[in-house]
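Here's a quick briefing on a single-chain model, for you to read with the structure open. Have a look at it first, then go through the points below.

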Amino acid sequence: MPHEITSARIRLRQLAPDEARALLEGRPDPARPWARGYPTEGTFTAVEAFVRAASAGAEPSPYGVYQLVRRDDEAVIGDIGFFGPPSPTGVVTVGYGLAASARGKGYATEALRALTAWALAQPGVRRIEADTTHANVPSQRVMERVGMRLVGQDDQLRYYALP
């Protein structure tokens with residue numbers, strides 16, 4: 001059974017390698033239909049990296065890619081996840097994205113809050129990092145709402161961390 005993290009309105013359901021391959025082939029699971037606008041470009045990037053790692057023998061762990069499944073209708077509205085397991089110093093990097101049809105409803109904040117709470121409760125995690133473009137103000141607000149703070153920036157990105 002895939003790892004799940006549950007919040008009030010959504011379930012974060014980890015993708016297994018075979019499910020990730022089906023997603024890349026455009027085949028949704030009939031039990032979890034895709035919301036309009038899903039998968040996103042970011043979904044394909046994250047899932048392709050996950051499939052490459054799994055194909056190279058990396059053991060899927062709870063530090064993978066999760067689909068955001070809306071609990072009231074079981075629709076997949078986005079995804080969130082880790083770029084890999086914790087570093088030797090206990091740092092994990094996260095990313096997330098929503099289908100356009102699900103934006104502006106608080107789902108990204110709810111998902112990031114659930115994921116960061118779960119991660120910080122794990123013995124190997126001390127810090128969570130994420131980044132976004134300067135222009136992506138909605139994503140910046142999501143990170144700020146869950147308590148992430150701006151820790152740096154360059155010409156292209158703004159970097160956030162928790163704690």
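Predicted model: local features only at pLDDT ≥ 70, side-chain atom pairs only at ≥ 80, totals over all residues.

Residues are numbered from 1 along each chain as its sequence is written, and side-chain values use heavy atoms, with hydrogens and water left out.

- Gly42 is partly exposed because its relative accessible area is 40%; the cut-offs are under 20% for buried, over 50% for exposed and in between for partly exposed, with a 1.4 Å probe and protein chains only.
- Gly42 pairs up in space with Tyr96: the two are 54 residues apart in sequence, yet their C-alpha atoms are 8.0 Å apart.
- Ser55 is also found in helix 2, and at 53% relative accessibility Ser55 counts as exposed.
- From Ser55 to Ala31 it's 24 residues in sequence and 25 Å in space, C-alpha to C-alpha.

**The largest pocket**

- The largest pocket has a volume of about 1,100 Å³.
- What's a pocket here? On a 1 Å grid over the protein atoms alone, it is an open set of points where a 1.4 Å probe fits, with protein on both sides within 12 Å along at least five of seven lines; lining residues have an atom within 4 Å of a point.
- Grid points are joined across faces, edges and corners, and the volume is the space filled by probe spheres set on the points.
- Which residues lie closest to the centre of the largest pocket? Out of 47 lining residues, they are Asp79, Phe83, Gly95, Tyr96 and Gly97.
- Helix 2 (41–55) gives the largest share of the lining, eight residues.
- At least two lining residues each also come from strand 4 (76–82), strand 5 (91–98), helix 3 (107–120), strand 6 (127–133) and helix 4 (137–145).
- By type, the lining of the largest pocket splits into 23 nonpolar, 18 polar and six charged residues. Ala, Val, Leu, Ile, Met, Phe, Trp, Tyr, Cys and Pro count as nonpolar, Asp, Glu, Lys and Arg as charged, and the others, Gly among them, as polar.

**The chain as a whole**

- The chain has four helices and eight strands, running β-β-α-α-β-β-β-α-β-α-β-β from the N terminus on.
- A compact globule of 163 residues would have a radius of gyration near 15 Å, and the chain agrees, because its own value is 15 Å. That radius is taken over C-alpha atoms, and the globule rule is 2.2 Å times the number of residues to the power 0.38.
- Along its principal axes, the C-alpha trace spans about 40 × 35 × 30 Å.
- Of the 163 residues, 44% count as buried.
- Take contacts (heavy atoms within 4.5 Å) between residues at least 6 apart in sequence: 56% of them join residues at least 24 apart.
- The chain exposes about 8,300 Å², with 54% of that supplied by carbon and sulfur atoms. Accessible areas come from the Shrake-Rupley method with a 1.4 Å probe, and for residues only the protein chains shown count as cover.

**Loops worth a look**

- Is Ser7 buried or exposed? Ser7 counts as buried because its relative accessibility is 13%.
- Ser7 lies in the loop between strand 1 (4–6) and strand 2 (10–14), and, neighbours within four places in sequence aside, Ser7 is in contact with Arg71, Glu110 and Ala114.
- Pro85 is in the loop between strand 4 and strand 5 and counts as exposed, at 56% relative accessibility.
- Not counting residues up to four places away in sequence, Pro85 touches Tyr63, Val91 and Val92.
- Pro85 and Arg11 are 74 residues apart in sequence and 21 Å apart in space, C-alpha to C-alpha.

**Backbone points to check**

- Tyr38 and Pro39 are joined by a cis peptide bond, with omega about 0°; Pro39 is in the loop between helix 1 (17–24) and helix 2.
- The peptide bond from Leu162 to Pro163 is cis too, with omega near -10°, and Pro163 is in the segment after strand 8 (157–162).
- Glu74, a residue other than glycine, has a positive phi, near 65°.
- Glu74 lies in the loop between strand 3 (65–70) and strand 4 and is partly exposed, with a relative accessible area of 27%.
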